[in-house]
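Q: Can you walk me through this one? I'd like to talk helix packing, then pockets.

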Amino acid sequence: MKYIAYGSNMVEEQMAYRCPNAKLIGMGYIQGARLEFYLHATVEKTGNRRNRVPVAVWEISKQDERTLDVYEGVKGGYYIKETWPVIMDDGSQIEGMIYIMKMIRNSPPYRDYYQGICNAYRKLGLSSKIRTVLEPAMLRSYARMRN
């Protein structure tokens, strides 16, 4: 099964710990969506094709999926699973399973959590996306908290 990661699960060390059988297939992006922080990361469809969220795509086993379901709080309704399309860096399109947050909290992420995602972006060659994807998502989370 293909799993689409946009947050802390983009990091190979995190995935190796959680899902030892996972294999990184490659990088891509979700078009028409943007990253948001409601304490934790999620993606939301915007309808604007210019909005893009970079993602890592993994091949995972059924056991890996069960482990991620527990980690992401699927049983408790924190995240749900959906199937979304991804445009891979080579231009091909795939579909994969993605976790979408359902338990919204108007709170910015913890500093270490945010830094972990920044580090993942750097490690995966996405440094330029920190300014255009991560920082705006962080600013929106602070703005929601003030309102």
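A: A term to start: buried means under 20% relative accessible area, exposed over 50%, and partly exposed in between, with a 1.4 Å probe and protein chains only. This is a predicted model, where local features need pLDDT of at least 70, side-chain atom pairs count only at pLDDT 80 or more, and totals for chains, interfaces and linings use all residues. Residues are numbered from 1 along each chain as its sequence is written, and side-chain values use heavy atoms, leaving out hydrogens and water.

Q: Which residues are buried in α3?
A: Y113, Y114, I117, C118, A120 and Y121. Seen down the axis of α3, they fall within an arc of 155°, so they line one face of the helix. The arc is taken from the directions from the helix axis to the C-beta atoms.

Q: And which are exposed on the other side?
A: R111, D112 and K123.

Q: What covers the buried residues of α3?
A: The cover includes β3 (33-38), β4 (40-45), β5 (52-59) and α4 (127-146). Contact means heavy atoms within 4.5 Å. Helices (H or I, at least four residues) and strands (E, at least two) are DSSP runs, numbered from the N terminus.

Q: Which residues lie nearest the centre of the second largest pocket?
A: S8, Y71, E72, Y79 and Y113. Y113 is also among the buried residues of α3.

Terms used. 1 Å grid on protein atoms, 1.4 Å probe; cavity = no way out; pocket = protein on both sides within 12 Å on 5 of 7 lines; lining within 4 Å.
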